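Here are some notes to read beside the model. Please keep the structure open while you go through the points.

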Amino acid sequence: FWKENCLLRVIMAYRKVVLVPGNGGDGEIRDFNWYGWLEKQLGKASIECVMQSMPDPYYARSNIWLPFMKNELKCDEQTVILGHSSGSVAAMRYCEENKVHGLVLVAAYSSHLDDETEKASGYFDAPWQWDRISANVKWIVQFASKDDHLVPIDEQTLVSKKLNSDLRLFNGRYHFCDANFPELVKVLQEKR
């Protein structure tokens with residue numbers, strides 16, 4: 001039984017977490033929000049965390065970010081993609097065509113929010129393929145805050161309903177731009 005249980009854990013475990021950040025940050029990704037803090041915390045838990053400053057950081061265009069996720073960040077079936085804000089949108093679009101182990105979506109949305117930069121990103125030009133996203137991942141956890149000033153809570157709960165995600169709802173976290181995010185580390189440890 002012990003050998004079978006260990007083998008099952010190895011098969012079911014993910015190999016790495018890939019952070020796909022929100023747009024707007026130019027410079028070292030680890031200096032933004034909780035990103036650098038997360039990398040340190042996951043390192044302490046012996047969880048590999050991959051993060052690179054993204055190309056096209058202000059516009060986060062799909063025709064640049066999605067190939068970068070595949071070719072440079074190497075998102076695959078042993079990867080948990082952690083998307084924050086526009087990074088969550090990229091993560092969802094990526095999973096329409098690619099299998100990954102899991103998705104963690106922070107401040108996720110599915111419309112351009114009447115924002116010109118979002119309209120130009122390319123993520124909202126086609127209908128969402130919710131069933132394909134769900135079929136290409138083993139699990140989805142979503143973090144949303146009722147008082148997010150950039151992404152309305154209705155938008156975030158719509159994503160949760162469409163993906164049947166495990167929604168973790170907060171108050172007072174706004175757009176999750178804090179210096180740390182312990183609840184996120186806990187989820188990633190639990191899913192290991």
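Which residues of helix H7 (residues 153-163) are buried?

1. Glu155, Gln156, Val159, Ser160 and Leu163 are the buried residues of H7. Buried means under 20% relative accessible area, exposed over 50%, and partly exposed in between, with a 1.4 Å probe and protein chains only. Helices (H or I, at least four residues) and strands (E, at least two) are DSSP runs, numbered from the N terminus.

2. This is a predicted model, in which local features need pLDDT of at least 70, side-chain atom pairs count only at pLDDT 80 or more, and totals for chains, interfaces and linings use all residues. Residues are numbered from 1 along each chain as its sequence is written, and side-chain values use heavy atoms, with hydrogens and water left out.

3. The buried residues of H7 lie on the same side of the helix because they cover an arc of only 140° around the axis. The arc is taken from the directions from the helix axis to the C-beta atoms. An α-helix has 3.6 residues a turn, so residues three or four places apart point the same way. Asp154 and Lys161 are exposed, on the face of H7 turned away from its buried side.

4. What covers the buried residues of H7 includes helix H4 (86-97), strand E4 (102-106), helix H6 (130-135), strand E5 (139-145) and strand E6 (166-170). After H7 comes Asn164, with a positive phi near 50°.

5. The largest nonpolar core has 32 residues. Such a core is a set of buried Ala, Val, Leu, Ile, Met, Phe, Trp, Tyr and Cys residues joined through side-chain atoms within 4.5 Å. Met69, Ile81, Met92, Leu103 and Leu105 have the most contacts inside this core. H4 supplies its largest share, six residues.

6. Not counting residues up to four places away in sequence, Met69 touches residues including Val20, Ile81 and Tyr94; contact means heavy atoms within 4.5 Å. A second, separate core of 25 residues includes Leu38, Ile47, Val106 and Phe143.

7. In strand E1 (16-20), five of five residues are buried. Lys16, Val18 and Val20 point one way from E1, and Val17 and Leu19 the other way.

8. E1 pairs with strand E2 (residues 48-50) in the parallel sense over three bridges; two strands pair if DSSP finds at least two bridges between them. Cys49 in E2 is the bridge partner of Val17. E1 also runs parallel to strand E3 (residues 79-84), joined to E3 by five bridges, and Lys16 stands opposite Thr79.
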